[in-house]
Structure formats: structure tokens, C-alpha cells
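Please open the model in your viewer and keep the sequence panel beside it. The tour below moves from one selection to the next and says what is to be found at each stop.

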Amino acid sequence: MKIGLDIMGGDFAPEATVLGAILAYNEITDAKLVLIGDKERAIKILHDNNFSPDNFEFVHTTEVIGMAEHPAKAVIQKPESSISLGYQLLKEGQIDAFSSAGNTGAMLVGAMFSVKTIPGVSRPAITTIVPKLKGGLGILLDVGANADCKPENLLQFGLLGSVFAELIYNIKDPRVGLINIGEEEEKGNILCLAAYPLMKESKQFNFVGNVEGRDLFTDHADVFVCDGFTGNVILKLAESVYVISVKKGIKDEFYDKFNYEQYGGSPILGINAPVVVGHGISNPEAIKNMVLLSKNMIDTNLVSKIQQAFQ
């Protein structure tokens with residue numbers, strides 16, 4: 001098993017990514033990490049931390065897709081970038097998973113161009129973790145891949161999230177809720193009104209109806225479905241909860257669960273290979289957990305299970 005890591009992606013790369021790779025190496029015994037990026041800079045960081053470069057494989061490049069670059073143009077114009085090379089290796093089967101804390105848009109475009117979406121999936125989705133007040137966690141999707149959605153997209157997100165929750169987080173028969181402005185079936189905008197009956201009639205997942213924003217951290221559902229615009233607003237608000245709690249000096253186990261470092265990154269679901277996108281401000285701990293999540297996706301055969309669900 002080989003896991004590709006873009007060591008040039010993120011605000012603090014390559015130091016944070018290389019240090020994260022060291023942390024991941026210390027917890028993984030049956031996988032090889034392939035570091036994609038500036039080999040000379042990576043080796044210097046490894047030597048400075050008394051760690052042998054022989055523990056990793058390297059694919060050298062100094063070309064990087066910046067955070068502010070146009071995703072589609074950058075992927076096309078920079079075939080030697082760390083993200084582009086990562087996807088090339090993934091497409092050719094030289095690595096089994098790929099993760100990066102770099103340009104999210106480029107990661108999405110790269111996935112569509114290389115490993116492509118699973119047949120039957122109209123649009124891939126990005127997920128995030130939602131902590132629950134009474135313990136456990138839920139899954140929220142989409143959180144940014146698709147700002148505008150059609151009803152059938154939300155239907156597919158329900159299935160993607162359900163398979164992901166069951167395989168990766170061992171949630172049995174996950175309950176899928178549709179984020180809305182009211183619990184009643186007739187509530188919502190045009191998108192939610194059209195998506196509700198599709199999800200209600202589906203036999204592929206356990207739909208429990210509409211859920212409101214106040215239900216997000218409760219036990220009303222395990223998978224929360226919405227368009228990427230709504231999901232991204234919720235995600236950024238949730239992240240601010242942790243930041244505010246730290247600034248206020250609040251020590252609370254529940255608030256600590258909003259810390260992105262614990263989860264590492266967000267999987268892109270609906271494509272033909274395990275891919276995880278990390279937060280741009282990822283530190284070594286977050287990078288480590290991003291790699292561990294990638295390995296978990298391989299170990300559980302998540303992609304093949306989603307492929308089967310959409311046959």
C-alpha cells in the first residue's frame with residue numbers, strides 16, 4: 001500500500017507537511033508514504049529532525065499550484081505541479097490514495113480530470129465531521145464542492161454520506177437528514193422541496209426527513225445533507241466555535257471536537273480513488289490525521305463499496 005502526500009500544499013508547507021509525514025510514519029506499519037514535492041527541501045527538514053529520508057519515497061517537483069490560482073487553468077497549465085503529479089500517480093496506480101492541504105478547487109478539478117467520478121455519480125461531494133453533544137459524531141455534506149445543486153445531487157449525497165458513515169465511522173444504518181428551515185415536509189426552498197420526495201422514496205439509505213440547523217449537534221440524524229453553499233457556511237461557522245472557545249479560554253471537551261486537527265481532512269466522495277483534502281492551515285498533527293484517514297479509506301474498500309452502491 002502506498003499513500004501519496006502533497007508536501008507543497010498548505011500555508012505552512014513543506015515544513016508542516018513533512019513533519020506530519022513523520023508523525024504518520026510512526027503510526028503506520030503496513031503502508032509506504034510517497035512525498036510529492038521539493039525533495040531537497042524535504043530531506044533538509046528530515047535531517048534537521050534526525051529522521052531518515054529512506055523511510056519515504058519521493059517524487060520531486062518544485063512546481064506548486066497556489067491557493068489563489070484558478071483551479072482549472074492551474075491544473076492544465078501546471079502538469080508538473082505537486083497536485084497534478086499526485087493525480088497522475090493515482091491514475092496510473094502507483095499510489096493507492098492521495099492527500100493534499102493545497103488548493104481545494106485544484107484537488108476537485110484534478111480528480112475530475114484524472115480518476116474521474118464513479119459511474120452514476122453526477123457530482124462528487126466533500127464531507128466534514130459534526131460532533132454531537134451526547135457523544136459520537138455525524139457527517140455533513142456537501143461542504144463546498146457544489147455551491148449550486150439539483151435535487152438528484154442531494155439524493156446522491158445522502159447515499160454517499162451513508163456509505164461513508166457506515167464504513168469509516170462504523171455507524172450502523174446511518175440516519176440521513178435533509179438540512180432545511182423546518183421539519184415539516186412542505187418547508188424549504190425549491191431545491192429542498194424537490195429533493196425531499198426523492199430522498200423519502202429512496203430504498204438505499206435510512207432517510208429521517210428534514211432537520212434544522214439547531215439539530216446539527218444532536219442525535220436527530222447521522223448524515224446531514226445540503227448543497228455546498230449551505231454546507232460551507234455551516235462548516236466555517238462551526239470552525240469559528242473552536243477558535244472563539246480558545247480565545248475565551250474555555251476548556252470544554254465538546255468544543256475541542258470542533259478542532260479540525262483531529263480529523264485531518266475532508267474526503268472527496270464519489271470519485272474512483274481515495275482522495276482527502278486538508279485545511280489550508282493544516283499543522284503536522286492535521287497532516288498526520290489526513291494520511292491516517294486516507295489509509296482508512298483504503299483499508300475499508302470505501303471506493304469499491306460506493307461503486308457497488310451506484311451500480
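How much space lies in the largest pocket? The answer is about 670 Å³, where a pocket is an open set of points on a 1 Å grid over the protein atoms alone, with protein on both sides within 12 Å along at least five of seven lines, and lining residues have an atom within 4 Å of a point. Grid points are joined across faces, edges and corners, and a volume is the space filled by probe spheres set on the points.

Before going further, note that this is a predicted model, in which local features need pLDDT of at least 70 and side-chain atom pairs count only at pLDDT 80 or more, whereas totals for chains, interfaces and linings use all residues. Residues are numbered from 1 along each chain as its sequence is written, and side-chain values use heavy atoms, with hydrogens and water left out.

**The largest pocket.** Select T128, L235, E239, S266 and H279, which are the closest to the centre of this pocket among the 37 residues that line it. Then colour β5, α6, α8 (228-247), β10 and β11, the elements that give two or more residues to the lining; helices (H or I, at least four residues) and strands (E, at least two) are DSSP runs, numbered from the N terminus. The lining has 21 nonpolar, 13 polar and three charged residues, with Ala, Val, Leu, Ile, Met, Phe, Trp, Tyr, Cys and Pro counted as nonpolar, Asp, Glu, Lys and Arg as charged, and the others, Gly among them, as polar.

**The cores.** Now select L141, L178 and V225, the residues with the most contacts inside the largest nonpolar core, which has 61 residues. Such a core is a set of buried Ala, Val, Leu, Ile, Met, Phe, Trp, Tyr and Cys residues joined through side-chain atoms within 4.5 Å, and buried means under 20% relative accessible area (1.4 Å probe, protein chains only). Helix α6 (residues 151-169) gives the most to this core, with eight residues. A second, separate core of 35 residues includes L85, V109, V130 and I179.

**Helix α5.** Select residues 104-113, where A106, M107, L108, V109, G110 and A111 are the buried residues of α5. Among the elements that cover them are α3 (71-77), α4 (82-91), β4 (97-100) and β5 (125-131).

**Helix α10.** In this helix (residues 284-299), pick out N289, which counts as buried because its relative accessibility is 12%. Beyond its neighbours within four places in sequence, N289 is in contact (heavy atoms within 4.5 Å) with E261, Q262, Y263 and G264.

**The cavity.** Finish with the largest cavity, of about 40 Å³, a cavity being a set of points where a 1.4 Å probe fits but cannot get out. Its lining includes I268, L269, M297 and I306, and α11 gives the most to that lining, with three residues. By class, the lining of this cavity divides into nine nonpolar, one polar and no charged residues.

How values were computed
Buried means under 20% relative accessible area, exposed over 50%, partly exposed in between (1.4 Å probe, protein chains only).
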